[in-house]
Amino acid sequence: MIAVNAEVLQLLLLLSAALFSLGVYGVLTRKNIIGLLIGLELMANAVNINLVAFARHQGGTAGQVFTLFTIALTVAEVAVGLALVILLHRSRRSTETDAAAQLHG
Amino acid sequence: MSAFDALNGVEILAVDGIVAVGALGLLLADVAMPAGNKRILGYCTLLLLALGFTATFTLDLTGTALGGAYVGDGFAIWCKRIFLAAGFFGVLGGMDETARIGPRRQGEYYQLLMMSLLGMTLLAGARDLILLMVSFELMSLPLYAMAAWGGIGTYPKRKGPLPSMELPAKTKWHRPAEAGLKLYLVGAVSSVVALYGISLLFGIGGSTRFDVLARTMNAGPVMSLAVAMIVGGFAFKIGAAPFHMWVPDTYQGASTPFVAFLSVAPKAAGFAALVQLLLGPLAGHTDTWMPLVLALIIVSLLVGNLMAVPQQNVKRMLGFSGVAQMGFGLMALLAAGTVAHTSGQKSEGLATLLFFLAAYMVANMGVFFVIEAVAASGRTEDETADEKDSDDTLAVFRGLHARSPGLALAGLLFVLSLGGIPFAIGFWAKVWVLLGLWTAGYGWLVVLAAALSAAGLFYYLQIARSMYMTPEGDLPKVTARMELGLAILLLALLTMAVGLFPGPVMEAARVAVGLG
Amino acid sequence: MSHQTLALFVLLSPLVAAVVLFIVAPLRVRGPVSAGITIASTAISLGASVMLAMARMFGQSAPNVDIQAAWLPGGGKVLSTVGVYVDPVAAPMMVVVALVALCVQVYSLGYLGHEPSRDRGRYFAYHALFAFSMLGLVMAPNLLQLFLCWELVGLASYLLIGYYWTKPSAGQAALKAFWVTKFADMGLMLGLMVLFVKTGGFDWTVPPGQVLMTADAEVIAGLLFLAVVGKSAQFPMHIWLPDAMEGPTPVSALLHAATMVAAGVYLIVRAYPIFSLAPTVLTFMVYLGAFTALFAAIVAVFQDDIKKVLAFSTCSQLGYMVAALGTGSMVSGYFHLTTHAFFKALLFLTAGSLIHAVHSNSLHDMGGLWKKMKPTGVLLIIGSLALAGFPMTSGFFSKDLILEELLHAGHIVPLIAAIAAAGLTAFYMTRVVMLSLFGAPSEAAEHAHESPAVMLAPMALLGALALVGGLLHGDFAKMAGAEAAFHITPVGIIATATGLTGIAAGLWRFSPGKRAAVGSQWVSAPMRFVTWLTGNAPVDRAFALFYRRVMLTAAAGVAWFDRYIIDALINLSGWAVLKGAERFRRLQTGRPADYIYAVIAGLIALTAMGVM
Amino acid sequence: MIAMIALSLIALCVVSAGLFAVRSTNLVHSVLWLAVSLAGTSALYLMVGASFLSAIQIILYTGGVITLMLFGVMLTDRNETTKIGNPSERKRLGAVSALAVFALIASAVSSMSFTGGGSTIVHTKAIGQALLTEHLLAFEALSILLLAAMLAAIVVARRRDP
Amino acid sequence: MTGLLSPANAAALAELPLLHIVVAAPFVAAMLLLFINDTKPLAVRLIGVAGSTVSLIASVAIALAYDMTAGGIQMTSSLPLVPSLGISLELGVDGWGVSLLLLTGLIMFAGAFASWTVKTRGREFYLMLLVLVTGVFGVFVSLDLFVFFLFYEIAVLPMYLLIGIWGSSNKVADAGPFKFIWKLLDVGGKEYAAMKLTLMLLIGSALIVAAMIAMYIEAGSTSFDLRHLEKTHFSLGLQMWAFPALWIGFGTLAGIWPFHTWSPDGHASAPTAVSMLHAGVLMKLGAFGVMRIGMVLLPEGAREWAWLVGGVAAINILYGAFAAMAQKDLKYIIAYSSVSHMGVVMLGAATLTVNGWNGAVYQMFAHGLMTGLFFALVGLIYEQAHSRWIPDFGGFAKKQPFIAAFFTLGCLSSLGLPGLAGFVAEWLVFLGAWQSAFSWWAIVGLLGAWITAIYVLRATRRIFWGPAPDPKWTDIRDPIGTEWVALWLLGLALVVFGAVPGLVMDFIDLTTAETLPRVAGQALEVLR
């Protein structure tokens, strides 16, 4: 275990930023909804890393509790998302985002 | 702190308790009931919501609970009233449609609605980042499912945005699925963004409690970043441009009574969340967030009003108009922020926001219910909203004045209220907002908003035009079902009554924010 | 009855008649009823006028009648009043107006006897309106009321010229008369405004203690004179008068000869305190008046329409009056107004009688009527002599006075023009008499017969006045506070000689034996220019050009500009929004991926705003 | 120092796995790369002393999310589902946007000066205590949220009423 | 109308809630109509007439009860609406209000009869009409700026439906540099006209809102009461922008150039009674707003901008007159003449002189009567001939002698013939203009009146005069039955108020004398 000093915090935050950006890249470029969800997970993961880094830096419980919550939130969100993917697949036989592009203008 | 200490003051959660217990109770009842038409659950929901709504008046809900994580104040109570009323009307107006979509499974709809409402009511009093985010998600998740509520139908040939996406006739196509998916995708990304912002906020503040954060946070690039992400993330929920893209599609795709609910309650909740954060721990940092809000206002006003103009589908039109309306809501926030910044106290701006949200709720739900009433009368018994592709275009209102004078009049009233015409509630809301905005020193924005609002009448009047200026031809008479009719009637009465005598309600809004 | 009451009677009786006839349709649509009411009211007016006038003429001097009531408030005070005002200046004019009006109305009973009852009713209602307006004008206590009534007589003129409204030419003429005079009236309005700003009121006298600067007086008088030029048909705004002959002949007699056109002259008489302060305007009046007198007389010579002859003659005579007033002699102009009213009304009525007999205005359709219509013939000759200034007729006295004044004032050129005009006047009137009464009768004249007594009686009355009216010149002068006894002067002799020469020339040129040579071609080739003038063409064409080329073009231009530029620009904004929105909505592609893009783009924008 | 290098290596691992996860053309691979990335994060947590979270991360994410996703892939399995590509114009725009986001966050974060840095050990018990006292309400709300998510997923994914 | 009642009786009359009655009567009638079956047209009409009759009687009673010796604002009452913002239903009436109430009462009464022939959806028609007129009455009796604005909006909005439903479309040829907009907008169509009217007026009212809010806040954010605002001295900075804002905002309704273009299309498309009310009364709301709100509350702004207000008004007068001259559609002529005549009103207002103001308010009154009469007549002609195309007309006087007579009467008032109401107004305005700092306005005004003479009389001649009408006009006839009401009422009013202007002018002058000194300031003394 290493103490999260300013340097480590900085590193973790940058890691989180990088993951977040990768997630952004993922959600922006994926045509497949599951692929898109993967990007979303990366972004969520970045949030978690942030929280953990801060929590460890500050030392209280709040950050860790918060992380716990965000993990749960993310999971719940993905669950609903996947359900929607299945629904879309059932009606359109496709899991691409463009399958849900009839409402426009 | 022991678990018992934490429960001190928990009685201020009575309303939330009613909703939570109600949701669970409905779930249990649903399971326990024999299969069949479960319309009774809808009435139970109504009862529960009415009970909760009454409780906001009869019980003293002010105070602090859970060591400061949850605070009941006038603002929160007022917000809860809006949520509960929106829920009440949403259930009342949607009862038929819900039953038609799935008579045996309508209980689930009400459970989801109650859970979403629980998220909202908690959100209104949340003074803790964790609680804020959890209740925010609790509000959102059921909405995704409710948006996708409904069946899979077949449609005539449809054009897609690209030639390759054209759907041949009779293809199965799930309009609510698309509505839900779009809501979900934009919502999920936005909430992750907001979460990221909140994690940064936590990082610089070192706590999840607002009162602590208010003391410990220092302005800086990270705070700016965090605030931008939070504002952006929440702006999705209120549907402010450019985070509004889901709005028209979801409005068009989802079942109308649900949209009536979706278009008001979560938006009010989004505002509640923004207010908690921006006028709570960030009240001292208005320099950081006001430019962002201002940018959102301008973009929302322009985009909303402009994009609503060419719409032929009423629900889409109302979606875009809602974007513009949210510009007004944000203006109230801006005004409140300015005053908070200069004098450090709660301002009339907040009261105008509350009044505006209430007015918006009444009128907007009303319009959607009128749409539903007209569209429903054209449907056969086993059809659902998403199966008819065109039952919410402007054309469905053709000659409504003759087909149902009452509905037409009510529709006109709601539309005019949204357009900000006197003696309807919406007028007072808009003017009050503008008044506050002027006081805050944004005179130019007042002129812009007022002019755009007037220009916005162009599309609102398209509805009036369709209802009053087109011949009814051989279209059938329209009669709203009992519950739906009751909802429309109540909303119309509210629009008129408060429009004629806005004084008490405005006064109540002022009292709610501590200005009495 | 007190004079106050009498004065009110003068004004109110035609007013009541007019109001009743205009509002109570059942009375109006019945010709005889309408005629009865109108004539009775005019008779009352005449009676009261005569009583009022008698008390002020012939050496008596009853105090002025002055009844005024507040009409318009302004800033808590009275801005202007209306009422009746009878002084020695107004009194004779009242009599003239009421008298000629009564004569004409009675005459009309016969002249319009064949018209539908409904139309006759309308006609007499207009007459009642005219009588009220004209008397109101004459009895105005201030210039504002004078102006109000000035416009109302214009209305009556418009309505009466347009009496035969089914005839397109009548409609044209009515409009032309109204437009031209209305244009000139702007001068009066403007003059009144200047007057009000300078003196604080609308009185024709400068209030005691106030000084009207000459420059201001010139402006006011000049503007008032513009209105006079229009109403009294002075060059170049005389163009409406010949056209106005489209109206029934009695109307021409009353409005367009005797009274209404003289209102301009009367205005100058009334506003003399102001005019007398404006020497430049006065001089201009002399020249314009004299020019009009000569010009119109020349044109009159070449007219074949008997009414047109008389119309141009009226212009010419009004020119005399204007010129006379310009010399500073109010009396001579005013007196000529009076005598002219009698003999010109007489001439028109006799002309009407002739027209009535042959159903044509053209002199060529007449001829030899002397045999058929002796009384009319006699009256025509009397009128012509008076107009020609034959010695001892009324015209002789008044015209002589004017010429004398011109000489006194030293306006030699106008004097020569006036004398020449007098000669021409005699010439063209002789022409009228010769062509209409003598010579071989035309086809139409074969069946002519004398007019009924109801027409002859008023003519006879006017004829008498035309003969002897001139004897009143002394009283006239006294009334105006001037001593003007009639003298035989060199100028008078020259003028009389010129007139007699004109008569002789006319007798010679148009003697029955030469009748074959008459016709519009009787002018010789060198006088082509003058023939051209006879169509009244140049001025008329100029006005028409102004109307078509300037007014209508401007109108079309403005209308086009409004519809296709101003309105289109406003529409354009709407169009741009609609089109722009149509374009803009493509951003809402419907593809969820793009929606996420929007979120991220918004996020980047917001964070960039926040961080930077 | 060694710990620092190890940390950096793991971080590198996490990032590269993330990169592969968003760039892989095979959806299953993508999911698995995500799993790697999440597992790496879990290791990271362990290193900085958040052992409880580390466990949760493994259980919930790797055990939950990844499974869910694989389920999703399987349920909707067709050729075009697993073989996914990113259209090139999207790639460019996405990369630019992602870089912009990274630049913004990184510039803000790196400008921040943190002081100190505690290394106090937070026991799992303390976390549990906090959950049930301070964050009781959020905890309860979360329970309902999970219920709601379940219900929502069922409602959405279920076939329509007969 | 002073002295018709003894002071005691007048005082007793003033005790009645007359202002409430005058505003509420049409509204109550409108609400009653909601409960009447559309299949009973007579009942609908009678209720409409009853509502307007009560209003007319009440407005006459107000005129009788108004105490001329006391002057000022009378019959005040107050009902707080939004206490926290200081918005309150303050009613009261001054001299201007009395005269314009009278006008509205007359026009509405006439309009109720002129709508007798509305065939389709008569109930809704009367309902909207009554709501509209409620707004108009409300504006004239409001002493609270906010309530003023409320009523103003109420008066403007029903127009959209009234024109859109019962209006008629016009053909407007596409030409000019912006030809391409025609297809999309359906220029000339009734819905186009209705929408253009509504949007232009409401965007204008956005400016009003801005100025209103700014004034409220500068006056201490306590009250919208006009009397309170009048006491406030607004900073020059505010006045300099707020006055033009109010001018354009209200002025759009008054048809100021170049924001007048809603007016010809709107009036030409609107059904008879709506044109009557709109041109007759509603446009006056705009002018009234400019004077009562803009000038009285912002005197310095008014003084500083008078040159522009008057200059634009001068443009209005000539521009409207010329544009009217080129029209061939009868309604367009009247509509453009309204633009021209409203220019006279604004010109009078801009003079900032007693006479100019008196004239301006009187012109509102006179033009209201006149244009009401015109539109009633045009409605009758259109109903019988089914055409408004003047080149097709001619000789109508044969079959419609009374319509011809009343039309001529309207024309004469329009061109400012003495003895008719129009003259008094125009004369005073031009006199005031001459007294003002910009004398040339008066000349423009006079020219405008002359051009008016040209086009109105030309129209009269083309429609009514000339040989017997074309055989295709077999159906045209004089009015019958209730059609007479509007003609006689408005026609006689034109004459009576022209011959005895004091009836109304005494009221107007009272208020002018009270308010003008505040606005004109030093300038007034010089000019008087």
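How many residues of chain B are in contact with how many residues of chain A? The close-up views below come from a predicted model, in which local features need pLDDT of at least 70, side-chain atom pairs count only at pLDDT 80 or more, and totals for chains, interfaces and linings use all residues. Residues are numbered from 1 along each chain as its sequence is written, while chains are lettered from A and ligands numbered from 1 in the order in which they are written.

**View 1. The side of chain B that touches chain A.** In this predicted interface, 40 residues of chain B are in contact with 33 residues of chain A, two residues being in contact if their C-beta atoms, placed from the backbone, lie within 7 Å. The elements of chain B that give two or more residues to this side are α6 (129-147), β4 (172-173), α7 (175-205) and α10 (246-253); helices (H or I, at least four residues) and strands (E, at least two) are DSSP runs, numbered from the N terminus. Helix α7(B) provides the largest share, 16 residues. By class, this side of chain B divides into 24 nonpolar, 10 polar and 6 charged residues, where Ala, Val, Leu, Ile, Met, Phe, Trp, Tyr, Cys and Pro count as nonpolar, Asp, Glu, Lys and Arg as charged, and the others, Gly among them, as polar.

**View 2. The side of chain A that touches chain D.** Among the 8 pairs of chains that touch, chains A and D have the most contacts, with 65 residues of chain A in contact with 77 residues of chain D. Two or more residues on the chain A side come from each of α1 (6-29), α2 (33-58) and α3 (62-92) of chain A, and the largest share, 20 residues, belongs to α3(A). This side of chain A has 43 nonpolar, 18 polar and 4 charged residues. No contact, by contrast, joins chain A and chain E, whose closest C-alpha atoms lie 19 Å apart, and chain D and chain E do not touch either, their nearest C-alpha atoms being 36 Å apart.

**View 3. Packing of helices α15 and α17 in chain B.** Helix α15 (residues 348-378) and helix α17 (residues 405-419) of chain B pack at an angle of about 145°, with their axes 8 Å apart; axes are lines fitted to C-alpha atoms, for helices over the stretch in contact, and angles run from 0 to 180 degrees between N-to-C directions. The residues that make the contact include Gly366(B), Val367(B) and Val370(B) of α15(B) and Ala410(B), Gly411(B) and Phe414(B) of α17(B). By class, the contact has 10 nonpolar, 4 polar and no charged residues.

**View 4. Helix α7 within chain E.** Buried residues make up 68% of the 528 residues in chain E, a residue being buried if 20 or more other C-beta atoms lie within 10 Å of its own, exposed if 12 or fewer, and partly exposed in between, with C-beta atoms placed from the backbone. Helix α7 (residues 158-166) of chain E is mostly covered, with 9 of its 9 residues buried, among them Tyr160(E), Gly164(E) and Trp166(E). The buried residues of α7(E) pack against α19 (443-468) of chain B together with α5 (122-141), α6 (145-156), α9 (190-218), α12 (262-269) and α13 (272-297) of chain E.

**View 5. Cis peptide bonds in chains B and E.** In chain B, the peptide bond from Ala241(B) to Pro242(B) is cis, with omega near 0°, and Pro242(B) is found in the loop between α9 (221-238) and α10 of chain B. In chain E, a cis peptide bond joins Trp257(E) and Pro258(E), with omega about -5°, and Pro258(E) is found in the loop between α11 (236-254) and α12 of chain E.

View 6. Met75(E), although not a glycine, has a positive phi of about 55°; Met75(E) is placed in strand β1 (residues 74-77) of chain E and is buried, with 23 other C-beta atoms within 10 Å. Asp186(E), also a residue other than glycine, has a positive phi near 55° and lies in the loop between α8 (181-185) and α9 of chain E. With 14 C-beta neighbours inside 10 Å, Asp186(E) counts as partly exposed.
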